[in-house]
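Subject: Handover of a structure

Dear colleague,

Please find the structure below, together with its sequence. My findings follow it.

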Amino acid sequence: MTRLLIIAVFFCVFFAANGQELKCNIQVNSQQIQGSEKAVFQKMQQGLNEFVNQTKWTDDVFAQNEKIECTFQLMLNDRIGTDVFSGTLQIQAKRPVYGTNYSTTLFSHVDKNVKFKFEQFEQLQFSETAYQSELTSLFGFYIYYILGLDYDSFSIEGGSEYFRKALTVVNVAQVSDSKGWKSNEEENRYWLVDNHLNSRFKQLRKTSYEYHRLGLDVMADDIENGRKQIADALVALETVHARNPNSFNMNVFFTGKVQEIVNIFSKSDVQEKNRVVQVLNRIDAGNQQKYNQILKNK
């Protein structure tokens, strides 16, 4: 093998190993299923980690320190027959904040409608435009949704391509007999992505950009300005709340952000604290007790 060919092969291997967008850890918990052989769950976990982390989900190159950190906890509650399982999927995704060692939560969610078929020796197959299996459609949907959130955090509506891909996964999964894909159900995958692409939630996506790119990403250099940008972005969500009170997508947004918001504004001045807390208590009433801690912190 010539030297040039060796170098070419090296770079192909290097980028194949490092070109992916995700640094994802998937765990399969089968403790609630009694008497089942563990090999099938080990194979499931291994196959899912390989599927998610070795698939190239975008055409962009992510540096090692730019990769999206995500964790999936597949909690299996029941084995229905030989190869059908049900349970829940806990998802969390984080993105690094510029100039810091800190990662901010983009998405924190529990999907309670998980039911799929899996055989120990099957190869996981996925297509954005064709339904291959419930398990890969489930993970493919959430990967595209997370990518959409990540790209939205760097540019206004920058994640639209990936939200549309997630919606395509939903559309082709209409043939599934499992819950979570249909418009006649509440607070599921369909509504999660359909809402995000709806103009009624345009400000929520704009807030994501302002909160992350104009706020968190500048706080290492200018903490006061960054915090003000975050405050303005959160206050702007009143328009979304007015049109869509107690909406699924707003609840999901605040699930991932509430503790971070408390930490950010606990050290701001009294005027800024009052302004932010008054708005947050209206638009995210379920977390009032947490937001009121901001006023108590000196």
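Please note that this is a predicted model.

The lining of the largest cavity is made up of 7 nonpolar, 4 polar and 1 charged residues. A search of the whole structure finds 1 cavity of 30 Å³ or more, and the space within the largest cavity comes to about 140 Å³. The residues that line the largest cavity are Leu 106, Phe 107, Tyr 145, Leu 149, His 196, Leu 204, Arg 205, Ser 208, His 212, Asn 249, Val 252 and Phe 253. Two or more lining residues are given by each of β4 (103-117), α3 (134-152), α6 (202-219) and α9 (248-265). Of the elements, α6 provides the largest share of this lining, with 4 residues.

Because Arg 205 belongs to helix α6 and Asp 152 to helix α3, the pair ties together parts that are 53 residues apart in sequence. Why are Arg 205 and Asp 152 classed as buried? The class requires a relative accessible area under 20%; Arg 205 has 4%, and Asp 152 has 1%.

In total, the structure contains 15 salt bridges. Another of them joins Asp 217 and Arg 95, with the closest N and O atoms 2.7 Å apart. This pair links distant parts of the chain, since Asp 217 is in helix α6 and Arg 95 is in strand β3 (residues 84-96), 122 residues apart. Both Asp 217 and Arg 95 are buried. Together with Arg 213, these two residues are linked in a network of salt bridges.

A further salt bridge is formed by Lys 165 and Glu 128, whose closest N and O atoms are 3.1 Å apart. Lys 165 is located in helix α4 (residues 160-172) and Glu 128 in the loop between β4 and α3, so the pair ties together parts that are 37 residues apart in sequence.

Yours sincerely

Notes: Residues are numbered from 1 along each chain as its sequence is written. This is a predicted model: local features need pLDDT of at least 70, side-chain atom pairs count only at pLDDT 80 or more; totals for chains, interfaces and linings use all residues. Side-chain values use heavy atoms; hydrogens and water are left out. On a 1 Å grid over the protein atoms alone, a cavity is a set of points where a 1.4 Å probe fits but cannot get out, and a pocket is an open set with protein on both sides within 12 Å along at least five of seven lines; lining residues have an atom within 4 Å of a point. Grid points are joined across faces, edges and corners, and a volume is the space filled by probe spheres set on the points. Ala, Val, Leu, Ile, Met, Phe, Trp, Tyr, Cys and Pro count as nonpolar, Asp, Glu, Lys and Arg as charged, and the others, Gly among them, as polar. A salt bridge is a side-chain nitrogen of Lys or Arg within 4 Å of a carboxyl oxygen of Asp or Glu. Buried means under 20% relative accessible area, exposed over 50%, partly exposed in between (1.4 Å probe, protein chains only).
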